[in-house]
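Could you walk me through this model, stop by stop? Open your viewer, and let's take a tour together.

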Amino acid sequence: MIDQSEILTLLTEFKGCQKILSAIGDEARQHIIIRMLASNHSGEVRCGGMRVGEIAALSSLSRPAISHHLQILKDAGLLKMRREGTRNYYYFDADMIALQNLIGMLGHIQKIMARLPDRSGKNE
C-alpha cells in the first residue's frame with residue numbers, strides 16, 4: 001500500500017525535476033545532446049565545447065532554433081557556456097544535484113511500482 005505522504009513526496013520530487021524532464025523530453029534537444037556527445041575532434045571528445053553553427057551543421061535545425069534549445073538545456077543545468085571574444089562555446093557540465101534528484105525520483109517511482117499488484121493477468 002502506498003501512503004499519502006509518499007505520494008506527496010513524489011509530487012515534490014517531480015516538481016523539483018520539471019526543468020530537466022522538460023529539457024530532455026524534447027526530441028530536438030535529445031538530438032542535440034546526442035550530437036554534442038558524439039562529436040569528435042581529432043578522435044577525442046570535444047571538451048572545449050561547440051558553437052551554435054557547428055551544432056546546426058549536424059542537424060536539420062536553424063541556428064536560432066539551436067540557440068533556443070541550448071538555452072533550455074542550459075537553464076535545466078545540463079550545459080554551460082563560455083565566451084571567447086565574440087564566440088560562445090556550449091559544453092556539458094551538468095548540475096550533479098539536479099541529475100541526482102532525477103535519478104532519486106526515478107528510483108522512488110521504481111520502488112512504488114514494485115509494490116503495486118500485478119494487473120497483467122499473467123497470474124490467472
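Throughout this tour, a contact, or one residue touching another, means heavy atoms within 4.5 Å. This is a predicted model, where local features need pLDDT of at least 70 and side-chain atom pairs count only at pLDDT 80 or more, while totals for chains, interfaces and linings use all residues. Residues are numbered from 1 along each chain as its sequence is written, and side-chain values use heavy atoms, with hydrogens and water left out.

**Stop 1: Ile-2.** Select Ile-2, in the segment before helix 1 (4-16); helices (H or I, at least four residues) and strands (E, at least two) are DSSP runs, numbered from the N terminus. Leaving aside residues up to four places away in sequence, Ile-2 touches Ile-7, Ile-112, Arg-115 and Leu-116. Is Ile-2 buried, partly exposed or exposed? Its relative accessibility is 24%, so Ile-2 counts as partly exposed (buried is under 20% relative accessible area, exposed over 50%, partly exposed in between, with a 1.4 Å probe and protein chains only).

**Stop 2: helices 2 and 6.** Show helix 2 and helix 6, whose axes come within 10 Å and cross at roughly 85 degrees. Axes here are lines fitted to C-alpha atoms, for helices over the stretch in contact, and angles run from 0 to 180 degrees between N-to-C directions. Helix 2 is therefore roughly perpendicular to helix 6, a term for angles of 65 to 115 degrees. To see the contact, pick Ile-20, Leu-21 and Ile-24 of helix 2 with Ala-98, Leu-99, Leu-102 and Met-105 of helix 6.

**Stop 3: the core.** A nonpolar core is a set of buried Ala, Val, Leu, Ile, Met, Phe, Trp, Tyr and Cys residues joined through side-chain atoms within 4.5 Å. The largest one has 21 residues, and Ile-32, Met-36, Ile-55, Ile-66, Leu-70 and Leu-73 touch the most other members. At least two core residues come from each of helix 2 (18-25), helix 3 (27-38), helix 4 (52-57), helix 5 (63-75) and helix 6 (96-115). Center on Ile-32: beyond four places in sequence, it touches Ile-55, Leu-61, Ile-66, His-69, Leu-70 and Leu-73.

**Stop 4: Ser-59.** Move to the loop between helix 4 and helix 5, where Ser-59 lies. Ser-59 is buried, with a relative accessible area of 17%. Its contacts beyond four places in sequence are His-31 and Ile-66.

Technical notes. Angles under 35 degrees count as roughly parallel, over 145 as roughly antiparallel, 65 to 115 as roughly perpendicular and the rest as oblique.
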